[in-house]
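Open the model in your viewer and keep the selection tool ready.

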Amino acid sequence: MLFSITSAHSMALLFRRLKVATCSLAAILLIGWQPFAFAEKSRLTITGSSTVAPLTLEIAKLYEKTHAGTRIDVQTGGSSRGINDARNGLADIGMVSRALKPTEKDLNGFTIALDGIGMIVHNSNPVTALTDAQIKDIYLGKITNWQSVGGPDLAITVVNKAEGRSTLELFLKHFGVRNSQIKPSVVIGDNQQGIKTVSGVKGAIGYVSIGTAEYEEKRGTPIKRLTMQGHEASAANVANGQYPLSRTLNLVTKGAPSKQAQHFITFAQSDAVKHLIEKQFFVAP
Amino acid sequence: MPSRSASNIRLADQCFSVLIMACAAFVTITLIWVLGDIVIKGASHITWSFITSEPSDAGRSGGIGTILVSTLLILCVALGAAIPIGLGVAVWLSEFTVQHSRFSNTVGTTLDVLAGIPSIVYGLFGNAFFSLYLGLGFSILSGGLTLACMILPIFIRTCESGLSAVNNDWRKGAQALGMSRSAAIWHVLLPAAAPAIIAGLILGIGRATAETAALIFTSGYVDRMPGSLLDSGRALAVHIYDLSMNVTGGDNAAYASAFVLITLIILLNTTAQSLIDRWFSQRIYAS
């Protein structure tokens, strides 16, 4: 076999291509950097809770539409991250899906919505209510079969939330237990993951956002909400304050918010965003 | 008894064939199952406006136009950084170092270790280095560069093995023709290693396009149309993850997006293959 190499021709071709590539890269960078320089003044960065992020994103879109020239970047990652980023200045506003703790006095919290946390089981499970003591014993591993609480002879699959999740903190506080005492079979992250886990395992018990659970039940997902302390786990009961296990969804800032952040927070707390809150299955305060 | 042992052997042989075929069938069925599930649940939601419009209501309605743009930009940055560096390192490893010298072995081992690191670690590194230390923030640039770091080891390794597999006669032939070392690499060795480069590129594109963990903390969550490479942009895989795990009632849109993602990967792979084929075939003429 003989190979002849068309060196000169292909080198010329290559140089032409390189030139085109360099020019287009330069053009992209040039065009790219310009809006960045302009947008800098009116840009807000909001980071934190993955539960609050979709709601904030929708509020931010509406805000951008009604306030020309503003840009709001919403990033997710969890409440702990929202607190950290607000503290060290990476974010103008943090998102936290629980009330602020006494150790977080340096932050200002602004409630934008409420969210109840409901215990859910598979809908083939005949159990409709559990007392707080029973739930506690199930999560501590003292009760391991549904028979002990009036259900069928079926092993209980305990679904717990991952460390750093606000729902977990709220759950632990309500039942007065430490996470290290809990004997989970499954550890999950977001709400949807909890619903998917419980709907797929007949003996499972878990806890998720009530609005999400209500919606999934209506769509026919095989889950069931348990009554707590005699109160049905419904959005209405969260709104009227009767349901015992609920949390606030907050925007937080380090110290007093900047003028621009304050403007956005006021908008997020106004009636103009009520329909957005309900659309994300939360309860307007 | 020779007849009995012969039938035993035949039986064992048949069992073995059945087992091997079962393995092959298992893999095929799994693939068909996954694809079928996505096509059945996703294809019905695909419309032109879904592909071009902006997402609304946290992604439940609207489309994925802006997210597609972000995904492609992130991929361009990643490949733009990874291909030249990767080819450079691969050429250096196979042509410029003594095979099995201590230094090239060390570099090789480092690459293998890097290839095995979970993507979330690359994400944390990218967030710490590109986003915070270099000040790129949540941006397509820092997401793309993080992905470049992630796909480099596997790309280098495949290219290097392709180059090493080129017959030594070709190197000698180039030398005999008086070609410089760089011309020999550019005109003879790289085109000869093209199949391996394609394989590395396809692996890289697949990994980068399907990546979630490395991008959530680097290119971010913003689903608006990116105005520049310094804007945050949500990648398709991040969008699918958020819709299926975090957004109530987002399943339909998640399936449709997954369908688009798979189509995109197939399209990109065939394009990459034909581009490299054309590019390299222009430089070697068999006569």
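Select β3(A). A:Arg71, A:Asp73 and A:Gln75 point one way from this strand, A:Ile72, A:Val74 and A:Thr76 the other way, and all are buried (under 20% relative accessible area, with exposed over 50% and partly exposed in between; 1.4 Å probe, protein chains only). The strand spans residues 71-76 of chain A, and six of its six residues are buried. Strands here are DSSP runs of E, at least two residues; helices are runs of H or I, at least four, and both are numbered from the N terminus.

This is a predicted model: local features need pLDDT of at least 70, side-chain atom pairs count only at pLDDT 80 or more, and totals for chains, interfaces and linings use all residues. Residues are numbered from 1 along each chain as its sequence is written, chains are lettered from A and ligands numbered from 1 in the order in which they are written, and side-chain values use heavy atoms, leaving out hydrogens and water.

Find A:Ile46, opposite A:Val74.

Now switch to chain B. Which residues have the most contacts inside the largest nonpolar core? They are B:Leu147, B:Leu190 and B:Ile197, in a core of 64 residues. Such a core is a set of buried Ala, Val, Leu, Ile, Met, Phe, Trp, Tyr and Cys residues joined through side-chain atoms within 4.5 Å. Helix α3 of chain B (residues 65-96) gives the most to this core, 13 residues.

Note on methods: Pairing = 2+ DSSP bridges.
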